[in-house]
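Let us take a friendly walk through a protein chain, from its overall build to the surroundings of its ligand. Have a look at the picture first.

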Amino acid sequence: MTVHLSEHNGSTSEVTPPVTPAQLQQFDELGYVVVEGLLDPARDLQPVVDDYAATLDALAEQWHAEGRLAGTFAGLPFGQRLIKIMTTAGLSWAQHFDISLPQAGVQGDTPLHCTAAVFDLLRHPRLLDAVEQFVGPEIYSNPIQHTRIKPPERVVPQEQGNGLMVRVGWHQDQGVALPEQDEVNVLTVWLPVTDATVENGCLCVVPGSHQDGLTAHCPGIGPDGGLQIPARLITREAVPVPIKRGGALFMQRRTIHAALENVSDDIRWSFDLRYQPIGQPTGRPAFPGFVARSHRHPQSELRDWREWRQLWLDARARLAGNENPTFNRWNKDAPACA
Ligand SMILES: O=C(O)CCC(=O)C(=O)O
Ligand SMILES: [Fe+2]
């Protein structure tokens, strides 16, 4: 099937849409779909891998110079180097590599990784072509987004066991947003940078759960110390979703999902991104989104990664030292959590 999909930057390209009608139908019926081969790992993911490797070089040098790390472990492959840094010195890279701020304790110098390579991935034309098939042609990048580079769970020190580092519990992405977003068509895009397998902690989804409405989430009961839907409220079977690098998982905002434990000997690396129609609430107003694609007003698209980074630095400056804003609606004293 050939259609005029993107009329972008003045040029009309005739391309086959990345998501097939059968895949779109599965997404509607089951609440998720995997599109293998969406991106070309060598062309589209390697720049991100190289960017993170350079950041790790700089971090290791800095930690070594500060006397916090016995060596820089420069000879090791990226994943093994991270694991070595964690097991020998207990240092955490999670916030240095994430593409969002934390929900509490933001300081003026809280690190985050807003780089050209990541911005290019967020705006990747083929990725946005796929997103367009789910949310329409006016696409906003929702700021609920993360990089998760998870080591084998057994080596993670307890105090670092948050959702960037260990498995996350059962949840709906709508449940981790504020109610302002409830009726917005927010799409989750989960992109593995390393092959995601059952062994290294791929996601599990509950097919059909998007039809059941928003389920209660309880604070503090997840394996990562965060929100989780109590198991007794999940009435359908879950399935694991292994994906090769280059592929992507698309999920609806009410699809129940969790991550498996990484029981392998290497890292499991993914990006989770979200997109929605322009002009609607994101569910996380403290953080900045941007226009990723607009056919109607192409000049409103954010095209300079430095501006994107500045939006996050401005948010950080606003939040630093202030009381934490509210990020979700749940209360551990609710009847569902008893
Ligand atoms: O990558 C993970 O471990 C969790 C991701 C997730 O919950 C999401 O992408 O919505
Ligand atoms: Fe999620």
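With 338 residues, a compact globule would have a radius of gyration near 20 Å, and the chain agrees because its own value is 20 Å. That radius is taken over C-alpha atoms, and the globule rule is 2.2 Å times the number of residues to the power 0.38. This is a predicted model, in which local features need pLDDT of at least 70, side-chain atom pairs count only at pLDDT 80 or more, and totals for chains, interfaces and linings use all residues. Residues are numbered from 1 along each chain as its sequence is written, while chains are lettered from A and ligands numbered from 1 in the order in which they are written.

The chain holds seven helices and 11 strands (DSSP runs numbered from the N terminus: helices are H or I with at least four residues, strands E with at least two).

Three strands form an open sheet in the order β7-β6-β9, with antiparallel pairing (a pair needs at least two DSSP bridges). β7 and β9 stand at the edges with a single partner strand each, so one side of each lacks a neighbour in the sheet. Between β6 and β7 there are three bridges, and Cys-204 stands opposite Pro-240 in β7.

Now to ligand 1. Its shell includes Arg-148, Trp-190, His-257 and Asp-272 (near means a C-beta atom, placed from the backbone, within 6 Å).
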